[in-house]
Amino acid sequence: MNKLLQANFSRLFRDKVFRISCVVMALAGAGLPLAHYLDKRNNGENWTADSTCFVFAFLAPILLSLAAALFVGSEYSDGTIRNKVIVGHRRPAIYLSAFVTCGAAGILLCGAYLLPHLCLGALLLGGFDAAAGEVLLYMGLNFALVLAFAALFTAIAMLCQNKAYSTAGCILLVFALLFAGVSITSALNEPEFYSGYSYSENGITITEEPEQNPHYLSGTKRQVYEFLQDFVPGGQAIQLANMKAEKPGRLAVCDGAILLGAVGAGVWVFRQKDLK
């Protein structure tokens with residue numbers, strides 16, 4: 001296992017896609033606090049360092065989907081995975097080493113965003129409004145979310161030997177999950193009542209009373225949507241990016257369930273897979 005990890009990390013740090021992804025994350029991490037500082041100075045907007053500290057909850061999974069799929073796909077196209085089996089490495093160890101590498105890549109992408117953002121945020125925007133404990137909590141939840149995404153991407157890339165198909169699958173999955181999160185959150189944000197309003201017609205003021213919103217979710221249906229918002233990685237990303245997670249413990253449990261489910265199912269299928 002150690003030799004597999006050493007080989008994987010050696011390849012990862014030389015991988016061009018991963019390096020470019022880190023640069024993109026670093027530029028985003030530096031650019032947002034700088035833009036907010038200029039907006040604060042010119043327009044008086046009240047930006048703080050935690051305004052966009054966790055935007056990487058969206059960015060990191062998107063870039064990781066590409067980096068992970070291409071990294072693992074290259075092992076198939078180069079015949080590396082088959083050679084690992086031939087020289088005696090066990091299949092579960094091969095799979096788990098790929099997951100650990102992809103998970104570490106996701107954490108490093110988060111770090112590439114956080115380091116410049118935290119430095120410039122403290123320098124230009126005056127630090128955080130949130131307490132240190134809350135910031136650390138959201139940082140840990142973001143790392144857990146990225147690991148859950150890494151488990152899903154590893155499963156697709158390890159079980160699909162065609163690099164083009166696995167790359168397309170990972171990219172489609174991350175956007176589908178993010179879109180599902182946006183849809184669920186939008187449904188939950190529907191107001192219970194439409195606000196009343198007044199208007200004048202022919203000199204007469206007409207007042208319309210608040211109306212019931214037919215799209216408002218209530219009862220069991222709302223509870224189901226709230227659970228889905230916490231379970232679906234895209235719904236988690238929205239909550240974490242805005243630092244508005246109402247049940248952080250449930251988010252962590254859901255991430256753990258996704259990670260264990262994806263890794264467990266992936267190892268089981270990979271053990272029986274016919275490697276061409």
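Is Met-243 buried or exposed? Met-243 counts as buried, at 14% relative accessibility. Here buried means under 20% relative accessible area, exposed means over 50%, and partly exposed lies in between (1.4 Å probe, protein chains only).

This is a predicted model: local features need pLDDT of at least 70, side-chain atom pairs count only at pLDDT 80 or more, and totals for chains, interfaces and linings use all residues. Residues are numbered from 1 along each chain as its sequence is written, and side-chain values use heavy atoms, with hydrogens and water left out.

**Overall build**

- The protein has 10 helices and four strands. Both are DSSP runs, numbered from the N terminus: helices are H or I with at least four residues, strands are E with at least two.
- Along the sequence the pattern reads α-α-α-α-α-α-α-β-β-β-β-α-α-α.
- The C-alpha atoms fill a box of roughly 90 × 45 × 35 Å, taken along the principal axes.
- Of the 276 residues, 42% are buried.
- Take the contacts (heavy atoms within 4.5 Å). Among those with a separation of 6 or more, 78% join residues 24 or more positions apart.

- Helix H2 covers residues 16-43. Its 28 residues should span 40 Å at 1.5 Å a residue, and its end C-alpha atoms are 40 Å apart, which agrees. The expected span is 1.5 Å times one less than the number of residues.
- The buried residues of H2 include Phe-18, Met-25, Pro-33 and His-36. The buried residues of H2 pack against helix H1 (2-14), H3 and H5.
- The 35 residues of H5 should span 51 Å, and its end C-alpha atoms are 49 Å apart, which agrees.
- Just after H5, Gly-126 takes a positive phi of about 85 degrees.

**Aromatic rings**

- The whole structure holds seven aromatic pairs. Rings of Phe, Tyr and Trp (its six-membered ring) pair if their centres lie within 6.5 Å; planes under 30 degrees apart count as stacked, over 60 as edge-to-face and the rest as tilted.
- Phe-56 and Tyr-113 form a tilted pair, 5.6 Å centre to centre with 55 degrees between the planes. Phe-56 is in helix H3 (residues 56-77) and Tyr-113 in helix H5 (residues 91-125), so the pair links distant parts of the chain, 57 residues apart.
- Phe-56 is buried, with a relative accessible area of 0%. Tyr-113 is also buried, at 0% relative accessibility.
- Ring pairs link Phe-54, Phe-56, Tyr-113 and Tyr-138 into a cluster.

**Charges over rings**

- The charged end of Arg-11 sits over the ring of Phe-71, 4.2 Å from its centre. The cut-offs: NZ of Lys or CZ of Arg within 6 Å of the ring centre and within 35 degrees of the ring normal.
- Arg-91 lies over the face of Phe-270, at 5.8 Å from the ring centre.

**Where H8 meets H10**

- The axes of helix H8 (residues 219-231) and helix H10 (residues 248-272) come within 8 Å and cross at roughly 65 degrees. Axes are lines fitted to C-alpha atoms, for helices over the stretch in contact, and angles run from 0 to 180 degrees between N-to-C directions.
- H8 brings Glu-226, Phe-227, Asp-230 and Phe-231 to the contact, and H10 brings Arg-250, Leu-251, Cys-254 and Ile-258.

**Back to Met-243**

- Met-243 is in the loop between helix H9 (233-241) and H10.
- Met-243 has a positive phi of about 55 degrees although it is not a glycine. Most residues other than glycine have a negative phi.
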